[in-house]
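Please read the points below beside the model, keeping the sequence open as you go.

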Amino acid sequence: MEDMLMTYLVENCAIVVPVLWCIGAALKRTPKVADWLIPYLLGAAGIAFCVTITLTTGGRAVDGIMQGVITAGVAVYGNQLVKQAANKKE
């Protein structure tokens with residue numbers, strides 16, 4: 001699984017996934033932020049972080065945008081996997 005993920009995710013941007021996970025956890029505890037808004041905010045933050053990383057390492061902005069979408073997707077999907085596994089009823 002990790003090899004497949006790293007095929008699409010640039011190593012420099014991999015650090016953004018746990019950062020987004022922490023930001024998402026903080027936003028979840030913020031009463032003024034609606035739950036439906038969190039994935040959009042994480043997407044925007046992921047794109048901003050990855051574009052910055054990509055441009056500072058000599059890449060293109062479009063690559064950073066794609067990496068931002070991937071990192072946000074991994075963070076949100078990973079959070080949902082953990083949450084669903086904890087709520088699993090047999």
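1. Basis of the note. This is a predicted model, in which local features need pLDDT of at least 70 and side-chain atom pairs count only at pLDDT 80 or more, while totals for chains, interfaces and linings use all residues. Residues are numbered from 1 along each chain as its sequence is written, and side-chain values use heavy atoms, with hydrogens and water left out.

2. Overall fold. The protein has four helices and zero strands, and from the N terminus its elements run α-α-α-α; helices (H or I, at least four residues) and strands (E, at least two) are DSSP runs, numbered from the N terminus. Taken along the principal axes, the C-alpha atoms fill a box of roughly 45 × 35 × 15 Å. Of the contacts between residues at least 6 apart in sequence, 57% join residues at least 24 apart, where contact means heavy atoms within 4.5 Å.

3. Burial and surface. Buried residues account for 26% of the 90 residues, where buried means under 20% relative accessible area, exposed over 50%, and partly exposed in between (1.4 Å probe, protein chains only). The accessible surface comes to about 6,300 Å², and 66% of that belongs to carbon and sulfur atoms; accessible areas come from the Shrake-Rupley method with a 1.4 Å probe, and for residues only the protein chains shown count as cover.

4. Thr71 and Leu9. Thr71 sits in helix α4, which spans residues 61-86, and counts as buried because its relative accessible area is 0%. Residues up to four places away in sequence aside, Thr71 touches Leu9, Cys13, Val16, Val17, Leu20, Gly46 and Cys50. Leu9 belongs to the loop between α1 (2-8) and α2 and is likewise buried, at 3% relative accessibility. With neighbours within four places in sequence left aside, Leu9 is in contact with Ala14, Val17, Gln67, Ile70 and Thr71. The C-alpha atoms of Leu9 and Lys28, 19 residues apart along the chain, are separated by 25 Å.

5. Leu27. This residue of helix α2 counts as buried because its relative accessibility is 17%. Beyond residues up to four places away in sequence, Leu27 touches Val33, Ile38, Leu41 and Leu42. Between the C-alpha atoms of Leu27 and Leu41, which are 14 residues apart along the chain, the separation is 9.1 Å.

6. Salt bridges. How many salt bridges does a search of the whole structure find? The search finds two, a salt bridge being a side-chain nitrogen of Lys or Arg within 4 Å of a carboxyl oxygen of Asp or Glu. Lys28 pairs with Asp35, with the closest N and O atoms 2.8 Å apart; Lys28 is partly exposed at 45%, and Asp35 is partly exposed at 45% relative accessibility. Arg60 and Asp63 meet through their side chains at 3.1 Å, N to O; Arg60 counts as exposed at 52% relative accessibility, whereas Asp63 is partly exposed at 23%.

7. Surroundings of Arg60. Arg60 is placed in the loop between α3 and α4 and, leaving aside neighbours within four places in sequence, is in contact with Thr54 and Leu55. The C-alpha atoms of Arg60 and Lys32, 28 residues apart along the chain, are separated by 35 Å.

8. Nonpolar patch. Ile15, Val19 and Phe49 form a nonpolar patch on the surface, with about 250 Å² of accessible area together. Patches are made of residues with over 30% relative accessible area and no salt bridge, with like charges joined within 9 Å and nonpolar side chains (Val, Leu, Ile, Met, Phe, Trp, Tyr) within 5 Å. Phe49 is in helix α3, residues 38-56, and counts as partly exposed because its relative accessibility is 34%.

9. Largest pocket. The largest pocket has a volume of about 330 Å³. Of the 15 residues that line it, those closest to its centre are Gly24, Lys28, Ile38, Asn79 and Lys83, and the elements giving two or more residues to the lining are α2 (16-28), α3 and α4. On a 1 Å grid over the protein atoms alone, a pocket is an open set of points where a 1.4 Å probe fits, with protein on both sides within 12 Å along at least five of seven lines, and lining residues have an atom within 4 Å of a point. Grid points are joined across faces, edges and corners, and a volume is the space filled by probe spheres set on the points.
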